[in-house]
Amino acid sequence: MPCLETDTGQFLAQSGAILSYLDALYPNTTLKLPDPFQAAKMQSFVDMIACDIHPICNLRILNYLTEEMKVDSEQKLVWYRHWIVIGFEALETLLDQTQYCFGEQPTLADVYLIPQVYNALRFEVDMTSFPKIMNAYQNCNQLDAFIKAKPENQQDAM
Ligand SMILES: N[C@@H](CCC(=O)N[C@@H](CS)C(=O)NCC(=O)O)C(=O)O
């Protein structure tokens, strides 16, 4: 998960590939930025989540810690909170005081960030050191697309 099935019955896995495909299909609602440096900075933010944070905080890793390594649930939380806080510290430094992560429109950065914050709150991570991340989170959560994408609004996710 995720896996996208196209109108023609073809399947596409990996968030980055799916988002790239959707962005190409709907060029009027692009999630990218026109300025080359800002675009690269946003991609750097996205890669920090996709490559550095998400893979080591993912469910299968947490399950491996408890089921195979026999780590207890408190130690599992220590692991999760340690890596998410280090990751968020790096992300926070890349943000300015804007409505969304990179400006006044949501971009790919918001799409990648919001699920991580959702999980961090679920695991009771203290978010007081991350005001810019929380600002983007709260603003995205006012938007219909982000509300529809919440796990509790997906029939098959809970
Ligand atoms: N690199 C993949 C990661 C996909 C992924 O890990 N999805 C999560 C849900 S967000 C999942 O299936 N976790 C279950 C698990 O870790 O077994 C992508 O970006 O699509």
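Begin by selecting Gln-154, which is found in the segment after helix H7 (144-149), where helices (H or I, at least four residues) and strands (E, at least two) are DSSP runs numbered from the N terminus. This is a predicted model, in which local features need pLDDT of at least 70 and side-chain atom pairs count only at pLDDT 80 or more, while totals for chains, interfaces and linings use all residues. Residues are numbered from 1 along each chain as its sequence is written, and side-chain values use heavy atoms, with hydrogens and water left out.

Gln-154 counts as partly exposed because its relative accessibility is 30% (buried is under 20% relative accessible area, exposed over 50%, partly exposed in between, with a 1.4 Å probe and protein chains only). Leaving aside neighbours within four places in sequence, Gln-154 is in contact with Lys-148 and Ala-149, contact being heavy atoms within 4.5 Å.

Next, select residues 1-30, which an unreviewed UniProt entry annotates as "domain: GST N-terminal"; such annotations may be inferred rather than shown by experiment. Over residues 1-30 the chain is 37% helix and 20% strand, with the end C-alpha atoms 23 Å apart.

Now select Leu-25, placed in helix H1 (residues 15-25), which counts as partly exposed at 43% relative accessibility. Then colour Ile-18, Leu-19 and Asp-23, which are buried in H1. Seen down the axis of H1, its buried residues fall within an arc of 130° and therefore line one face of the helix, the arc being that of the directions from the helix axis to the C-beta atoms. To finish, show strand S1 (3-5), strand S2 (11-13) and helix H5 (108-122), against which the buried residues of H1 pack.
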